[in-house]
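Thanks for coming. Please look at the display first.

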Amino acid sequence: MAVLPIQITGNPVLHSPALAVTAFDASLRTLVADMFETMAAAPGVGLAAPQVDVPLRLFVYNWTDDDDELWRGVAINPELWISPTPTGEADEEAESEGCLSIPGERFPLIRSELAILRAVDLEQRPFEIQASGWLARIFQHEYDHLDGILYADRLAHKHGKEAVKSIRKAGWGEPGQSWLPGTDHLED
Ligand code: ZN
């Protein structure tokens with residue numbers, strides 16, 4: 001297993017739709033194992049394949065809810081149903097979201113409260129998870145990555161402008177930049 005470099009915003013792979021997984025082979029198994037290791041090293045609660053420079057429709061997640069229940073798995077070729085997205089102002093404290101491809105930044109974003117994830121696992125077994133709250137947010141965030149959408153693309157005007165500024169100030173937003181969890185520390 002290996003920790004993989006995480007692509008930083010500006011790399012085309014993060015801004016293009018990913019392709020369906022068709023080969024459920026040893027290399028897919030290795031990719032998923034490496035993605036779990038990379039997510040743990042980052043650390044993060046989710047990681048999508050385009051973030052490690054692989055334009056395929058899969059993501060991993062690892063999150064413990066308020067009842068100490070662990071939600072951990074891989075979603076391959078997922079579909080996502082979401083409840084209507086509320087309107088209004090996002091709450092800075094409760095709704096601030098981050099992304100390993102925009103490391104160290106957080107901005108508030110309103111997400112749908114409910115999400116139903118349907119996907120297959122490495123054995124091509126279909127599964128379904130009915131998620132609410134933060135887990136629903138994680139699924140929406142990771143699913144977006146597979147369509148080439150970053151959470152920064154969805155921010156309301158004010159926060160969107162702040163994000164553009166931060167990204168420019170960090171020297172990101174151009175191709176060819178990545179960071180390696182466990183080696184590079186960009187959170188400071
Ligand atoms: Zn992300």
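Over which ring does the charged end of Arg57 sit? The ring is that of Tyr143, and the charged end of Arg57 is 5.7 Å from its centre. Keep in mind that this is a predicted model.

Next, the aromatic rings. The count comes to 3 aromatic pairs. In one of them, Phe59 and Phe139 have ring centres 6.1 Å apart and planes at 45 degrees, so the pair is tilted. Phe59 belongs to strand β3 and Phe139 to helix α2, so this pair ties together parts 80 residues apart in sequence. Both are buried: Phe59 has a relative accessible area of 0%, and Phe139 likewise has 0%. Phe139 also pairs with Tyr61, edge-to-face, at 5.1 Å centre to centre with 80 degrees between the planes. Here too distant parts of the chain are linked, with Tyr61 in strand β3 and Phe139 in helix α2, 78 residues apart. Tyr61 counts as buried because its relative accessibility is 4%, and the cut-off is under 20%. Phe59, Tyr61 and Phe139 make up one aromatic cluster.

Now helix α1, residues 26-41. At 1.5 Å a residue, its 16 residues should span 22 Å, and the end C-alpha atoms are 23 Å apart, which agrees. Its buried residues include Leu28, Leu31, Val32 and Met35. The buried residues of α1 pack against β1, β2, β3 and β4.

Last, Asn11, in the loop between β1 and α1. Asn11 is buried, at 4% relative accessibility. Its side chain reaches the backbone nitrogen of Gly176 at 2.4 Å. Among the residues Asn11 touches are Glu174, Pro175 and Gln177.

Methods. Residues numbered from 1 in each chain as written. Predicted model: local features only at pLDDT ≥ 70, side-chain atom pairs only at ≥ 80, totals over all residues. Heavy atoms only, no water. Helix = DSSP H or I, 4+ residues; strand = E, 2+ residues; numbered from the N terminus. Expected span 1.5 Å × (residues − 1). Buried < 20%, exposed > 50% of the residue type's maximum accessible area, 1.4 Å probe, protein only. Contact = heavy atoms within 4.5 Å. Polar contact = N/O pair within 3.5 Å; in protein donor to acceptor, adjacent residues only side chain to side chain. Phe/Tyr/Trp six-rings, centres within 6.5 Å; stacked < 30°, edge-to-face > 60°. Lys NZ or Arg CZ within 6 Å of the ring centre and 35° of its normal. Lists of a residue's contacts leave out its neighbours within four places in sequence.
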